[in-house]
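Me: Let's go through this one quickly. I'll ask, you keep it short.

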Amino acid sequence: MKKEDCIFCKIANGEIPSKTIYEDEAFRVILDLGPATKGHALILPKEHADNLYGLPEATAAAVLPVAQKVAEKMRKNLHCAGLNLVQNNGEIAGQTVMHFHLHMIPRYENDGQNILWNPGQSSPEELEETRKQIVQ
Ligand code: AMP
Ligand code: ZN
């Protein structure tokens with residue numbers, strides 16, 4: 001289902017032009033307008049979901065096979081040395097467009113990007129407490 005006034009719905013469904021690098025019945029993959037690196041792409045489901053929480057399970061299951069196809073193309077044709085998949089959920093996590101999208105960020109030697117987090121520390125007790133909290 002499309003959502004009115006959602007820019008990624010309009011792009012995914014072809015109502016707004018985009019630099020499309022892959023398309024099938026359920027997805028469109030476009031180049032990001034503000035690429036972190038050359039080839040930075042976004043996998044957009046054609047059906048609207050705000051983010052991972054609202055994504056139908058079948059769509060979720062179909063995302064990675066699309067990513068694999070595009071990843072192979074990027075490796076072969078852009079000669080990237082690696083690839084980051086990034087997917088932000090919620091403003092606090094950096095999501096700025098509220099339509100699910102999976103970032104594909106090809107990586108190159110000395111590309112100036114650093115898509116990593118600051119490692120923290122946790123005792124075995126704290127980890128066990130967290131484990132229990134999540135699985136309850
Ligand atoms: P996020 O911060 O995970 O929500 O990512 C949103 C991404 O969408 C950013 O990397 C933007 O550069 C990109 N973006 C926003 N509007 C457009 C657009 N019209 N076409 C392509 N990419 C866009
Ligand atoms: Zn949408």
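Reply: Start at Asp5, which lies in the segment before α1. Helices (H or I, at least four residues) and strands (E, at least two) are DSSP runs, numbered from the N terminus.

Me: What is the phi of Asp5 like?

Reply: Positive, about 65 degrees, although Asp5 is not a glycine. Most residues other than glycine have a negative phi.

Me: Buried or exposed, that Asp5?

Reply: Exposed, because its relative accessible area is 71%. The cut-offs: buried is under 20% relative accessible area, exposed is over 50%, partly exposed is in between, with a 1.4 Å probe and protein chains only.

Me: Before I go on, what are the ground rules?

Reply: Residues are numbered from 1 along each chain as its sequence is written, chains are lettered from A, and ligands are numbered from 1 in the order written. This is a predicted model, so local features need pLDDT of at least 70, side-chain atom pairs need 80 or more, totals for chains, interfaces and linings use all residues, and side-chain values use heavy atoms, without hydrogens or water.

Me: OK. Which other residue has a positive phi without being a glycine?

Reply: His79, at about 60 degrees. His79 lies in the loop between α2 and β4 (82-86). His79 counts as exposed because its relative accessibility is 61%.

Me: How much of the chain is buried?

Reply: 34% of the 136 residues.

Me: Now ligand 1. How many residues surround it, and which are closest?

Reply: 15 residues surround ligand 1, and the closest are Asp32, Gly94, Thr96, His101 and His103. Near here means a heavy atom within 4 Å.

Me: What distances do the oxygens of ligand 1 make with Asp32, Thr96 and His101?

Reply: A polar side-chain atom of Asp32 is 2.5 Å from a ligand oxygen. For a backbone N or O atom of Thr96 the distance is 2.7 Å. A side-chain N or O atom of His101 is 2.9 Å from a ligand oxygen. Taken alone, ligand 1 exposes 510 Å², and the protein buries 78% of that. Areas are Shrake-Rupley with a 1.4 Å probe.

Me: What is the make-up of the shell?

Reply: 7 nonpolar, 7 polar and 1 charged. Ala, Val, Leu, Ile, Met, Phe, Trp, Tyr, Cys and Pro count as nonpolar, Asp, Glu, Lys and Arg as charged, and the others, Gly among them, as polar. α1 (7-12) and β2 (27-31) each supply at least two shell residues.

Me: Last one: what does the side chain of Asn51 contact?

Reply: The side chain of Gln95, through a polar contact of 3.2 Å. A polar contact is a pair of N or O atoms within 3.5 Å; within protein, one must be able to donate a hydrogen and the other to accept it, and residues adjacent in sequence count only if both atoms are side-chain atoms. Asn51 lies in the loop between β3 (41-45) and α2 (57-78). Asn51 counts as buried because its relative accessibility is 10%.
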